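Thanks for coming. Please have the sequence and the model open.

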Amino acid sequence: SDEQQAPFILLASEEAKQHDKERAMMEKAQRPNEVWQPLRRCLMVLDRLCNDGFSNIFLEPVNIRDFPEYADLIDQPMDLGTVRKKLATKKYQMPENFARDLRRIW
């Protein structure tokens, strides 16, 4: 009877809504967003910088044991390797943050 089926119909309806909601979230998560596209370009810029012959001294952090006065001269040390890690772990919310870190290197 309809009365016996009512709880099952209600449950099926709620499950269908939840499924549609989860599917929409998955589709959205798989689409490249407005932030990721420019950050992919940042990665291309970083690759070109790292491949330049003059950038080899900027690929890793400065060794403080070799240059003890470095910490007194530089407030916020930055290097291309650290920028790459931050880009890979999605620490940059916008390309401007990426550019700011690059300016710290030079």
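K90 sits in the loop between α4 and α5. Helices here are DSSP runs of H or I with at least four residues, strands are E runs of at least two, and both are numbered from the N terminus. This is a predicted model, in which local features need pLDDT of at least 70, side-chain atom pairs count only at pLDDT 80 or more, and totals for chains, interfaces and linings use all residues. Residues are numbered from 1 along each chain as its sequence is written, and side-chain values use heavy atoms, with hydrogens and water left out.

Back to K90. Its phi is near 60°, a positive value in a residue other than glycine. K90 is exposed, at a relative accessible area of 56%; exposed means over 50%, buried under 20%, and partly exposed in between, with a 1.4 Å probe and protein chains only.

Now the confidence. pLDDT is the predictor's confidence in each residue, from 0 to 100. The chain average is 89, and 92% of the residues score at least 70.

How do the axes of α4 and α5 cross? Helix α4 covers residues 80-88 and helix α5 residues 95-105; their axes come within 10 Å and cross at roughly 170°. The axes are lines fitted to C-alpha atoms, for helices over the stretch in contact, and angles run from 0 to 180 degrees between N-to-C directions. The two helices are therefore roughly antiparallel, the word for angles over 145 degrees; under 35 is roughly parallel, 65 to 115 roughly perpendicular, and the rest oblique.

On the α4 side the contact is made by L80, V83, K86 and L87, and on the α5 side by F98, D101, L102 and I105. Contact means heavy atoms within 4.5 Å. By type, these residues divide into 6 nonpolar, no polar and 2 charged. Nonpolar covers Ala, Val, Leu, Ile, Met, Phe, Trp, Tyr, Cys and Pro; charged covers Asp, Glu, Lys and Arg; the others, Gly among them, are polar.

The largest nonpolar core has 12 residues, including L80, L87 and F98. Such a core is a set of buried Ala, Val, Leu, Ile, Met, Phe, Trp, Tyr and Cys residues joined through side-chain atoms within 4.5 Å. Helix α2, 36-51, gives the most to this core, with 4 residues.

Is L87 buried or exposed? L87, in helix α4, is buried, at 6% relative accessibility. Leaving out residues up to four places away in sequence, L87 touches L39, C42, L43, L46, Y92 and F98. L87 and L43 are 44 residues apart in sequence but 7.3 Å apart in space, C-alpha to C-alpha.
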